Amino acid sequence: MVKIVRETPEETVIEDRPWLLGLCLASATIGATALVFHAWDEGSATLGFAAVLFGIGAIWSLHKAIRHTRLTLRDDGTATLAVRDRLGWSTRDFSSGELRAGLETQRDGDGDTQRAVLLVDGPEGVERLPLTAYLTSGSRHEAAVARINAWSARSQPRRSA
């Protein structure tokens with residue numbers, strides 16, 4: 001879940017470290033592997049097939065959903081988005097004039113789930129960069145969006161004379 005991990009007069013760091021989701025998906029993968037061996041031992045092809053499908057789904061989810069995201073908002077009006085996935089770190093730099101944030105909300109019968117999304121103004125329109133690969137309930141996303149938008153409104157890129 002996105003949260004503000006450090007806030008000083010010089011910079012604010014907003015991060016998403018989905019370790020709990022990763023732990024759950026890794027446990028599901030291990031459980032599916034154990035279930036495959038159990039199905040083999042019992043001679044149940046149907047249970048084995050279901051376990052393999054479950055394991056593939058858990059591995060695919062682990063592959064798609066687990067990525068560490070860090071947004072650093074600096075007092076000088078610049079920001080850096082760093083994303084770490086299975087291939088390593090990638091970074092992008094922004095100025096306050098082109099960066100703002102919004103909430104992406106999904107409504108269903110159980111309630112609303114949200115995620116924070118960076119909105120980058122560019123020559124080809126607005127680019128949407130989600131800070132998380134998943135949607136959750138709670139107010140931490142709203143706090144992160146409010147903090148990013150407050151920084152964007154307050155900061156102006158400083159120019160050399």
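Before we start, a residue is called buried under 20% relative accessible area, exposed over 50%, and partly exposed in between (1.4 Å probe, protein chains only). The model is predicted, so to speak of local features a pLDDT of at least 70 is needed, side-chain atom pairs count only at pLDDT 80 or more, and totals for chains, interfaces and linings use all residues. Residues are numbered from 1 along each chain as its sequence is written, and side-chain values use heavy atoms, leaving out hydrogens and water.

**Exercise 1.** Find the strand that holds glutamate 127 and describe its sheet.

Step 1. Glutamate 127 sits in strand 8; strands are DSSP runs of E with at least two residues, numbered from the N terminus.

Step 2. The open sheet has three strands, ordered 6-7-8 with antiparallel pairing; two strands pair if DSSP finds at least two bridges between them.

Step 3. Strand 6 (99-108) and strand 8 (125-130) are the edge strands, each pairing on one side only.

Step 4. Strand 7 (residues 111-122) is joined to strand 8 by six bridges, and valine 120 has glutamate 127 as its bridge partner.

**Exercise 2.** Work out how accessible glutamate 127 is and what it touches.

Step 1. Glutamate 127 counts as partly exposed because its relative accessibility is 34%.

Step 2. Leaving aside residues up to four places away in sequence, glutamate 127 touches Arg92, Leu118, Leu119 and Val120, where contact means heavy atoms within 4.5 Å.

Step 3. Its side chain also makes a polar contact with the side chain of arginine 92, at 2.9 Å. Such a contact is a pair of N or O atoms within 3.5 Å; within protein, one must be able to donate a hydrogen and the other to accept it, and residues adjacent in sequence count only if both atoms are side-chain atoms.

How values were computed:
Helix = DSSP H or I, 4+ residues; strand = E, 2+ residues; numbered from the N terminus.
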